[in-house]
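Reader: Before I rely on the labels attached to this model, I would like to see how each one is reached. Could you take me through them, setting each value against its definition?

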Amino acid sequence: MQQWVAEIAYDTRSGTKKTVESFYLPTEEDVREAIIKKNGYVLSIRAHSRSPIERLLARSSWWQVQLLRGIQFRATSVSSPGVALWKIIEAETNPMRQNILAPAREALARGLGVIDALKALNIFDHGTLAILAGSEKANKLTEGIPHAIHSLTQKKKNTRAIVGTMSWLAFDVITIVQSLFWGQDMVLGWFRGNAPTNPEELEKYNRVVDNLSLTWDVLIFIAFAFGAFMAWAVFSFFINRGKTDWPTARVVRKIPLIGAYLRDLGFADSMVAASRMLHANVPIAEALEQAAESTTSPEVSGYWREANIKLERGIALGNALDNKPLTRSERMELASLSDLDQVATILESVAEMRSNSARTKHSLIVWLAFALTGVFLVVAFGSAIYALSVMNMSMDSMMGGLMGGAL
């Protein structure tokens, strides 16, 4: 499905009237057929692409929460959430928001349900849509919306933590590259400008300076490679948002600490989604299925699907949920289930465990990045100090020369 913007001409009693309309259909030919059925003439058709400001607004958790709350409040006075969403779209006067809501309008106009319309917007994450879809199948969408809103706010906190981590790593990389770039020309330039005149000493001197230059070149290459990988990873995650798996995600998940950190976040989010659906009285089988769809981590999705398969085979719920890769303490807590009413509470407890584990790993990643920055700088400037000692020069002489050259 794709959003299209078409310029159309209609014959009226007062002459030809031109309008611009939005369609949400699979192909351009489908758009032409829809226009012909409306007795219009196609002037132009183009695929609609959101502007950067529209994408930013659409991805804003604040606006998503306002949209869900609007559906919830209006659904209390109308017959269905679908009608409530239609009224919200009809009442919208902001052109930017009209463009964002156009796919949902077209989906509803074609007779699709409210969940299909919300999916057509392409603004909600998997977890939020899973909670809404599960609640809708239980005919309790209005009761599930508060849980979806709570999931959105929790994901916002997790996103802030990830952004903070990436920002700190980016700051480390920039600091390293700047320090080595600025220091390399100054330090190596000073060494080459103070070479001895004795041929034997000069040969040893040049060998030491060349080794120092090679060391710094390797450090700069590593810093650039790490920076390029970070930029590639961030860009790849941005353009592949909404997909469940792709090459960059698989590479990132193989990084030991970061992979475990993302897995903990995936379990925390999906556990919260499952508990919210159970609080909304969604059937347990449907909750497990939607929990598998609520995360982009294949390992976490596999856990929920395995539990659902075991449950369909008649295995007790506690034993069905007692699967790897949960920790021993988490599995013991789930295995102790004796009453269905306890499931949501225990899932929330496990989600809290995973959230605490994710926060611990987040702190380790930040401190490790700080330590690696220190190691790089120690290796860089420590090698320069070592070169001074080998060549029987003092640090004061080098600093004096550098300061004098700078002045």
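Author: Let me begin with handedness: a crossing is left-handed if the near helix is turned anticlockwise from the far one by less than a right angle, and right-handed if clockwise. By that rule, the crossing of H7 and H11 is right-handed. Helices (H or I, at least four residues) and strands (E, at least two) are DSSP runs, numbered from the N terminus, and the protein has 17 helices and 3 strands. This is a predicted model, in which local features need pLDDT of at least 70 and side-chain atom pairs count only at pLDDT 80 or more, while totals for chains, interfaces and linings use all residues. Residues are numbered from 1 along each chain as its sequence is written, and side-chain values use heavy atoms, with hydrogens and water left out.

Reader: What makes H7 roughly parallel to H11?

Author: Axes are lines fitted to C-alpha atoms, for helices over the stretch in contact, and angles run from 0 to 180 degrees between N-to-C directions. Helix H7 (residues 126-137) packs against helix H11 (residues 256-279) at an angle of about 20 degrees, with the axes 9 Å apart. Angles under 35 degrees count as roughly parallel, over 145 as roughly antiparallel, 65 to 115 as roughly perpendicular and the rest as oblique, so H7 is roughly parallel to H11.

Reader: Which residues of H7 and H11 meet?

Author: With contact meaning heavy atoms within 4.5 Å, Gly127, Ala130, Ile131 and Gly134 in H7 meet Ala273, Arg276 and Met277 in H11. The residues of this contact divide into 4 nonpolar, 2 polar and 1 charged, where Ala, Val, Leu, Ile, Met, Phe, Trp, Tyr, Cys and Pro count as nonpolar, Asp, Glu, Lys and Arg as charged, and the others, Gly among them, as polar.

Reader: How do you know that the pair of Tyr303 and Trp304 is edge-to-face?

Author: Rings of Phe, Tyr and Trp (its six-membered ring) pair if their centres lie within 6.5 Å, and planes under 30 degrees apart count as stacked, over 60 as edge-to-face and the rest as tilted. The ring centres of Tyr303 and Trp304 are 5.1 Å apart and their planes stand at 75 degrees, so the pair is edge-to-face. Ring pairs link Phe267, Tyr303 and Trp304 into a cluster.

Reader: What makes Trp304 count as buried, and where does Glu92 stand on that scale?

Author: Buried means under 20% relative accessible area, exposed over 50%, partly exposed in between (1.4 Å probe, protein chains only). Trp304, at 0% relative accessibility, therefore counts as buried, and Tyr303 counts as buried at 1%. Glu92, in the loop between H4 and helix H5 (95-109), also counts as buried, because its relative accessibility is 17%.

Reader: Why is Asn39 called exposed?

Author: Asn39, in the loop between helix H1 (28-37) and strand E3 (40-47), has 62% relative accessibility and therefore counts as exposed. Asn39 also has a positive phi of about 60 degrees although it is not a glycine.
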